[in-house]
Amino acid sequence: SRLVQLFLNLVDNAVKYTPDNGKIRLSLYQQNHNAVVEIKDTGIGISSQDLPHLFDRFYRVDKSRSRQLGGSGLGLSICQWIVLAHNGRIKIESELGKGTCVAVTF
């Protein structure tokens, strides 16, 4: 049930921050004997200054926009906890105006 929570949260973030004409791609593949799930979007992206803080509890990139969309700043922190509890890794790469890619490796 926690893995469902993990992926629902990540997909929900991609949907929230990708414009109507954007794209979201979900991928599952094997790499070095690991399963990798990627959620990649063409959304608004995240600045390089914010990337190191994304897994901090209560951290929100844009405080006003996150409140409008119902965010509390706990989602990615919980995602990281779930991934670590399953002996996995989570990595986020993003560029403002170009989108975000979240990779979860187990």
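1. Let's start with helix α3, residues 75–85, where Leu-76, Ser-77, Cys-79, Ile-82 and Val-83 are buried. Please keep in mind that this is a predicted model. As a reminder on helices, residues three or four places apart point the same way, because an α-helix has 3.6 residues a turn.

2. What do the buried residues of α3 pack against? Their partners are α1 (2–16), β3 and β4.

3. Now to the largest nonpolar core, which has 16 residues. Leu-6, Leu-10, Leu-76, Ile-90, Ile-92, Val-102 and Val-104 are the ones with the most contacts inside this core. Two or more residues come from each of α1, β2, α3, β3 and β4, and α3 gives the most, with four.

4. Leaving aside residues up to four places away in sequence, Val-104 touches Leu-6, Phe-7, Leu-10, Ala-35, Val-36, Val-37, Val-83, Arg-89 and Ile-90.

5. Finally, do look at the second largest pocket, with about 200 Å³ of space. At least two lining residues come from each of β1 (24–31), β2 (34–41), β3 (89–95) and β4 (99–105). The largest share, five residues, belongs to β3.

6. Among the lining residues are Tyr-29, Gln-31, Glu-38, Arg-89, Lys-91, Glu-93 and Thr-105.

Conventions
Residues numbered from 1 in each chain as written. Predicted model: local features only at pLDDT ≥ 70, side-chain atom pairs only at ≥ 80, totals over all residues. Heavy atoms only, no water. 1 Å grid on protein atoms, 1.4 Å probe; cavity = no way out; pocket = protein on both sides within 12 Å on 5 of 7 lines; lining within 4 Å. Points joined across faces, edges and corners; volume = space filled by probe spheres on them. Buried < 20%, exposed > 50% of the residue type's maximum accessible area, 1.4 Å probe, protein only. Contact = heavy atoms within 4.5 Å. Core = buried A, V, L, I, M, F, W, Y, C linked by side-chain atoms within 4.5 Å.
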